[in-house]
Amino acid sequence: SDMLSHALRSLSGRLPDATDAIVMGLDSATPGRMAIFYYREMGTKDYLDHIEKWHTTCTWRHTYRWIQDGHDDNGKVKGKYIAFEGAPSLMDIVLAAYGEKVSDKLKKSALERLVPCVVDKARLPRDMVNMLVRRAAQRVQLNGYEREKVLTIACALLKKFYNDQKQEVWTMALQPEVNDRSYLFGRAWAYAEAIERYALYQQGERRDTNAERLMVAFPKHPMSSWRILMERLNPYLRKLGVRARKLSNGMDEVIARLQTQGYTNEVLSDLYLLGYAAQKHQFYLERQASGASEPELNDAEDTAQEEE
């Protein structure tokens with residue numbers, strides 16, 4: 001994003017003040033005919049400012065970008081997933097919200113609704129943000145590649161939605177000082193998932209965790225879901241003992257703070273997903289800093305590597 005901002009400022013400085021930009025969206029309605037679905041004239045500097053605003057506010061760390069990396073001995077194309085921090089493309093937002101098999105009609109309609117969000121700084125469609133949040137919770141219905149893609153794109157749009165429309169500043173980095181009950185519940189859920197993921201790694205198992213299986217019900221009935229999760233997690237905690245002490249202590253600390261904020265069954269706000277994802281990202285950063293050799297605790301980076 002810093003490189004983009006520098007490039008846009010450099011370009012803006014070389015343009016005359018009176019320069020205008022025309023943004024036009026074209027659609028091939030029928031073979032041989034084009035239809036204009038979007039037309040906008042504005043000052044070029046305003047246009048560049050809007051582009052920069054989008055790419056600096058709708059950001060998260062993503063791991064779904066695939067790049068070609070040569071061919072194997074049989075001539076088959078090889079590639080790998082790479083991590084990047086930035087705004088997702090409009091097409092990726094649509095596919096994450098409605099699925100890879102979304103109809104062409106819905107795809108076009110959704111893209112047309114998103115273009116003004118970039119060009120005019122229009123508000124994000126709330127129904128599309130809601131769809132992303134719902135799909136992000138349906139982790140067991142998505143493959144490893146798609147579940148992390150949907151999660152990080154949902155967080156990018158949630159971050160922008162809260163920052164732009166509610167003037168609340170949320171970041172990809174963990175915000176440990178935040179005491180919002182939804183955010184804390186999300187953090188605790190990430191801890192529980194990490195503990196079980198670590199236990200499964202120790203046992204040589206690869207399967208969905210209970211946290212992932214219960215995630216759809218979790219925001220609707222947080223306390224009830226948490227109790228069920230703890231019943232299923234306790235055997236792993238007893239078996240791991242001191243090996244899970246750090247994660248267990250971190251989880252207990254979050255729960256202790258949560259009990260003073262609202263340890264109830266009241267429906268969670270979408271901020272739970274930001275807390276969940278930010279805590280998972282913090283696990284990744286801690287692992288990178290320590291040089292740990294075991295697989296990350298259900299981190300998106302390792303999911304990307306497994307799909308190569």
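Glu-100 forms a salt bridge with Lys-149, with 3.8 Å between the closest N and O atoms; a salt bridge is defined as a side-chain nitrogen of Lys or Arg within 4 Å of a carboxyl oxygen of Asp or Glu. Because Glu-100 lies in the loop between helix 3 and helix 4 and Lys-149 in helix 6, the pair ties together parts that are 49 residues apart in sequence. Helices are DSSP runs (H or I, at least four residues), numbered from the N terminus. Glu-100 is partly exposed, at a relative accessible area of 40%, whereas Lys-149 is buried, at 3% (buried, under 20% relative accessible area; exposed, over 50%; partly exposed, in between; 1.4 Å probe, protein chains only).

The model is predicted, so local features need pLDDT of at least 70 and side-chain atom pairs count only at pLDDT 80 or more, while totals for chains, interfaces and linings use all residues. Residues are numbered from 1 along each chain as its sequence is written, and side-chain values use heavy atoms, with hydrogens and water left out.

In the whole structure, 16 salt bridges are found. Asp-127 and Arg-113 meet in one of 2.6 Å, N to O, linking helix 5 to helix 4 across 14 residues of sequence. Asp-127 has a relative accessible area of 38% and Arg-113 one of 36%. The buried residues of helix 5 pack against helix 3 (90-98), helix 4 (104-119), helix 6 (144-165) and helix 11 (271-290), contact being heavy atoms within 4.5 Å.

Helix 7 (residues 181-203) has 23 residues. Of these, 20 are buried, so helix 7 is largely enclosed by the rest of the structure. At its N-terminal end, helix 7 is capped by Asp-180, a side-chain oxygen of which lies 3.0 Å from the backbone nitrogen of Ser-182. Just after helix 7, Gly-204 adopts a positive phi of about 75°. Arg-197 in helix 7 is joined to Glu-212 in helix 8 (residues 210-213) by a salt bridge of 3.0 Å between the closest N and O atoms. Glu-212 is buried at 1% relative accessible area, and Arg-197 at 15%. Both belong to a salt-bridge network that also includes Arg-139, Arg-147, Glu-148 and Asp-208.

Definitions and conventions: Helix = DSSP H or I, 4+ residues; strand = E, 2+ residues; numbered from the N terminus. Expected span 1.5 Å × (residues − 1). Polar contact = N/O pair within 3.5 Å; in protein donor to acceptor, adjacent residues only side chain to side chain.
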